[in-house]
Amino acid sequence: MLSQQHKAIITATVPVLEQGGETLTRHFYQSMFRDYPEVKPLFNEANQHAGTQQRALANAVLMYAKNIEKLENLGPLVSTIVHKHVALQIQPEHYPIVGASLLKAIREVLGAEVATDAVIEAWGAAYGQLADILIGAEENAYQQNAQAEGGWRGARAFEVASKTVESDEITSFVLKPADGGKVLAHKPGQYIGINVDLNGKQQRRQYSLSAAASGVDYRISVKREPGGLVSNFLHDQVQVGDSIEVFPPAGEFVLADSDKPLVLISGGVGITPTLAMLTQALRGKRPVHFIHAARHAGVHAFREHIDALAARHPQLQRFYCYEQADANGAQPHATGYLNPRQLAEWLPQTRDIEAYFLGPTPFMKAIKSHLHALGVPPSQTYYEFFGPAEALA
């Protein structure tokens with residue numbers, strides 16, 4: 001049980017975490033993968049190599065330590081973690097492995113003089129408390145998914161019903177249940193987890209659902225990542241008729257009901273969840289401004305689809321910005337990077353809007369700054385990270 005003395009010790013370690021949290025988490029992952037190789041398939045190797053996983057965990061640990069006296073402040077962070085865990089099917093038996101590895105890393109990185117027995121005991125109690133919170137929330141989500149119409153628990157076999165090349169980098173896969181049953185209706189913006197076998201090793205990944213709920217199938221649109229194990233496997237080897245294990249939809253970056261003008265801003269493969277949001281929004285009458293940024297026409301997926309929607313729906317305005325234009329390709333509305341001046345021209349006249357944006361982290365940092373500078377209320381802007389959540393400060 002976490003005592004007041006434990007909380008005081010946790011709070012006292014905040015300065016250490018602020019200075020060396022990422023070093024600690026990097027050592028944690030290395031140690032855990034060495035001692036418990038069975039959990040490695042649960043983690044994206046590309047995120048490990050890029051350091052995003054380590055930074056995200058360091059930020060989460062720091063936020064937990066800072067709010068140890070007011071855990072209610074962790075609501076959004078806990079909710080994000082729970083959704084990602086549900087999409088990967090994290091189970092209670094995984095938590096002791098993480099806990100043991102974390103305490104080991106604290107002792108080895110900080111040293112016995114700093115990470116005394118009292119510090120290790122306090123962090124052990126704190127981790128136990130957090131694990132109980134997450135396990136309980138995840139179990140509740142698993143039960144809800146299993147009980148809902150078309151729902152299930154754990155892995156379910158899906159067949160690839162179609163495979164469509166959308167751009168030089170993005171390919172879509174429509175997945176239908178092998179048992180012929182219904183599927184759980186997802187909210188626009190959510191993602192699913194998949195499990196594939198690569199050379200005898202399981203690999204789990206999360207992909208946004210790029211089409212609105214149909215009740216019969218899911219569509220994911222996957223960017224080929226340089227060196228990406230799963231994305232390259234899907235592009236090069238998976239064919240129509242192949243089987244893939246799928247976990248139920250999850251995610252809280254979802255389109256909320258509203259009558260305010262909607263602005264959807266995406267960069268690169270960030271377009272995938274905004275497609276589902278767009279389809280949902282066009283079923284009503286709210287004005288929609290769809291803004292997409294791409295490097296060039298060759299990597300711009302779904303342009304013809306968006307253009308066709310705009311032709312049928314007067315409330316939809318769409319704008320495209322390419323870093324570089326190609327005289328032989330489809331032309332954008334602007335070139336270069338999205339800047340405040342260009343964004344101001346493309347936003348609705350009112351700033352009382354709801355804006356959802358998604359893309360590479362530098363892109364989202366810029367968009368967040370631009371929107372706030374242009375007077376869009378921060379409480380009406382929404383974003384999510386592909387992979388581990390970092391900070392946009």
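Helices and strands here are DSSP runs, numbered from the N terminus. The model is predicted.

**View 1. Glutamate 169 between two strands.** Glutamate 169 sits in the loop that links strand 1 (156–165) to strand 2 (170–177). Its relative accessible area is 19%, so glutamate 169 counts as buried; the cut-off is under 20%. The side chain of glutamate 169 makes a polar contact with the side chain of arginine 295, at 2.7 Å. Neighbours within four places in sequence aside, glutamate 169 touches Val222, Lys223, Arg224, His235, Arg295 and Val299.

**View 2. The annotated histidine 85.** An unreviewed UniProt entry carries the annotation "binding site" for His85. Such annotations may be inferred rather than shown by experiment. Histidine 85 belongs to helix 5 (residues 75–88).

**View 3. Glutamine 89, with positive phi.** Glutamine 89 lies in the loop between helix 5 and helix 6 (94–110). Its phi is near 60 degrees, a positive value in a residue other than glycine. Glutamine 89 has 6% relative accessibility and therefore counts as buried.

**View 4. Phenylalanine 302, with positive phi.** The loop between strand 8 (288–294) and helix 10 (303–312) holds phenylalanine 302. Phi is near 70 degrees here, again positive in a residue other than glycine. With a relative accessible area of 6%, phenylalanine 302 is buried.

**View 5. The largest nonpolar core.** This core has 46 residues. Ile265, Leu278, Leu338 and Leu371 have the most contacts inside it. Several elements each supply at least two of its residues: strand 7 (262–267), helix 9 (271–281), strand 8, helix 10, strand 9 (316–322), helix 11 (340–346), strand 11 (354–358) and helix 12 (361–373). In soluble globular proteins, nonpolar side chains tend to be buried together.

**View 6. Leucine 278 close up.** Leucine 278 is among the residues with the most contacts inside the largest core. Setting aside neighbours within four places in sequence, leucine 278 is in contact with Leu264, Val288, Phe290, Ile306, Leu309 and Leu316.

**View 7. A second core.** A separate core has 44 residues. Leu24, Phe33, Val119 and Tyr127 are included in it.

Conventions. Residues are numbered from 1 along each chain as its sequence is written. This is a predicted model: local features need pLDDT of at least 70, side-chain atom pairs count only at pLDDT 80 or more; totals for chains, interfaces and linings use all residues. Side-chain values use heavy atoms; hydrogens and water are left out. Helices (H or I, at least four residues) and strands (E, at least two) are DSSP runs, numbered from the N terminus. Buried means under 20% relative accessible area, exposed over 50%, partly exposed in between (1.4 Å probe, protein chains only). A polar contact is a pair of N or O atoms within 3.5 Å; within protein, one must be able to donate a hydrogen and the other to accept it, and residues adjacent in sequence count only if both atoms are side-chain atoms. Contact means heavy atoms within 4.5 Å. A nonpolar core is a set of buried Ala, Val, Leu, Ile, Met, Phe, Trp, Tyr and Cys residues joined through side-chain atoms within 4.5 Å.
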